Amino acid sequence: MYTVFSTFDVPEGKADQVITIYKNRSRSVDGAPGFKDFLLLQNDKRAGEITVQLFFDTKRDYLNWVRSDDFKRIHELEKKYPDEELTAIVPKVTQYKVVAR
């Protein structure tokens, strides 16, 4: 299994807005080959730190998703948020191979 974390800091007071955006996400990744699960995490001590966690069967499945037209379309939409502070967010992306469960 392969997992990817995208962690970012949300401008103060906007965590709930970002959480709502993700709760209403397109779910297009859900149909990607090898996709397993999506989690949205909020840091318990720093509410403005949000992490998106994706699970795929393999690294190749993840890379195929990132190279897909759906991925590109979704991320282009993010650039069109009316809130300029949110469009400026750049996540730190880390990738992991799951080696034990």
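Modeller: Helices here are DSSP runs of H or I with at least four residues, strands are runs of E with at least two, and both are numbered from the N terminus. By that numbering, Lys14 is found in the loop between β1 and α1. The model is predicted.

Colleague: What pattern does the chain follow along the sequence?

Modeller: The chain has four helices and four strands. Read along the sequence, their order is β-α-β-β-α-α-α-β.

Colleague: How does the radius of gyration of the chain stand against the globule rule?

Modeller: The globule rule gives 13 Å for 101 residues. The chain comes close to that, so it is as compact as a globular protein of that length. The C-alpha trace spans about 35 × 30 × 20 Å along its principal axes. The radius of gyration itself is 14 Å.

Colleague: What percentage of the chain's residues count as buried?

Modeller: A residue is buried when its relative accessible area is under 20%. The chain exposes about 7000 Å², and carbon and sulfur atoms supply 51% of that area. Of the 101 residues, the buried part is 33%.

Colleague: What share of the contacts with a separation of 6 or more joins residues 24 or more positions apart?

Modeller: Contact here means heavy atoms within 4.5 Å. Among contacts with a separation of 6 or more, residues 24 or more positions apart account for 67%.

Colleague: Which element gives the largest share of the largest nonpolar core?

Modeller: That core has 19 residues, and those with the most contacts inside it are Phe8, Val10, Phe35, Leu54, Phe56 and Trp65. Two or more residues come from each of β1 (2–9), α1, β2, β3 (49–56), α2 (59–66) and α3 (69–78). The largest share is four residues, and it comes from β3.

Colleague: Which residues does Phe8 contact, leaving aside neighbours within four places in sequence?

Modeller: Phe8 is among the residues with the most contacts inside the core. In soluble globular proteins, nonpolar side chains tend to be buried together. Leaving aside neighbours within four places in sequence, the contacts of Phe8 are Val18, Tyr22, Gly48, Glu49, Ile50, Val52, Ile89, Val90 and Pro91.

Colleague: The structure holds seven aromatic pairs. Is the pair of Phe56 and Tyr62 stacked or edge-to-face?

Modeller: The ring centres of Phe56 and Tyr62 lie 5.7 Å apart. Their planes meet at 65°, and planes over 60 degrees apart count as edge-to-face. Phe56 and Tyr62 are both buried. The pair is therefore edge-to-face.

Colleague: Which residues do ring pairs link into a cluster?

Modeller: Two rings pair if their centres lie within 6.5 Å. Ring pairs of this kind join Tyr2, Phe35, Phe56 and Tyr62.

Colleague: Over the face of which residue does Arg25 lie?

Modeller: The cut-off for a charge over a ring includes a distance within 6 Å of the ring centre. Arg25 is at 3.8 Å from the ring centre, over the face of Phe38.

Colleague: What is the phi of Arg27?

Modeller: Most residues other than glycine have a negative phi. Arg27 is found in the loop between α1 (15–23) and β2 (35–42), and is partly exposed with a relative accessible area of 45%. Arg27 is not a glycine, yet its phi is positive, at about 65°.

Colleague: Is Lys14 buried or exposed?

Modeller: Not counting residues up to four places away in sequence, Lys14 touches Asp83, Glu85 and Leu86. Its relative accessible area is 16%, and the cut-off for buried is under 20%. Lys14 is therefore buried.

Colleague: How far apart in space are Gln17 and Leu86, C-alpha to C-alpha?

Modeller: Gln17 lies in helix α1 and is partly exposed, with a relative accessible area of 36%. Not counting residues up to four places away in sequence, Gln17 touches Asp83 and Leu86. Gln17 and Leu86 are 69 residues apart in sequence, and in space their C-alpha distance is 9.5 Å.

Colleague: Which residues does Val98 touch, not counting those up to four places away in sequence?

Modeller: Val98 is found in the segment after β4 (92–97). Its relative accessible area is 26%, which leaves Val98 partly exposed. With residues up to four places away set aside, Val98 touches Met1, Tyr2 and Thr3.

Colleague: Is Lys97 buried or exposed?

Modeller: Lys97 is found in strand β4. Leaving aside neighbours within four places in sequence, Lys97 is in contact with Met1 and Tyr2. Its relative accessibility is 64%, and the cut-off for exposed is over 50%. Lys97 therefore counts as exposed.

Methods: Residues numbered from 1 in each chain as written. Predicted model: local features only at pLDDT ≥ 70, side-chain atom pairs only at ≥ 80, totals over all residues. Heavy atoms only, no water. Phe/Tyr/Trp six-rings, centres within 6.5 Å; stacked < 30°, edge-to-face > 60°. Buried < 20%, exposed > 50% of the residue type's maximum accessible area, 1.4 Å probe, protein only. Lys NZ or Arg CZ within 6 Å of the ring centre and 35° of its normal. Core = buried A, V, L, I, M, F, W, Y, C linked by side-chain atoms within 4.5 Å. Rg over C-alpha atoms; globule rule 2.2 N^0.38 Å. Areas by Shrake-Rupley, 256 points an atom, 1.4 Å probe, with all protein chains shown as cover.
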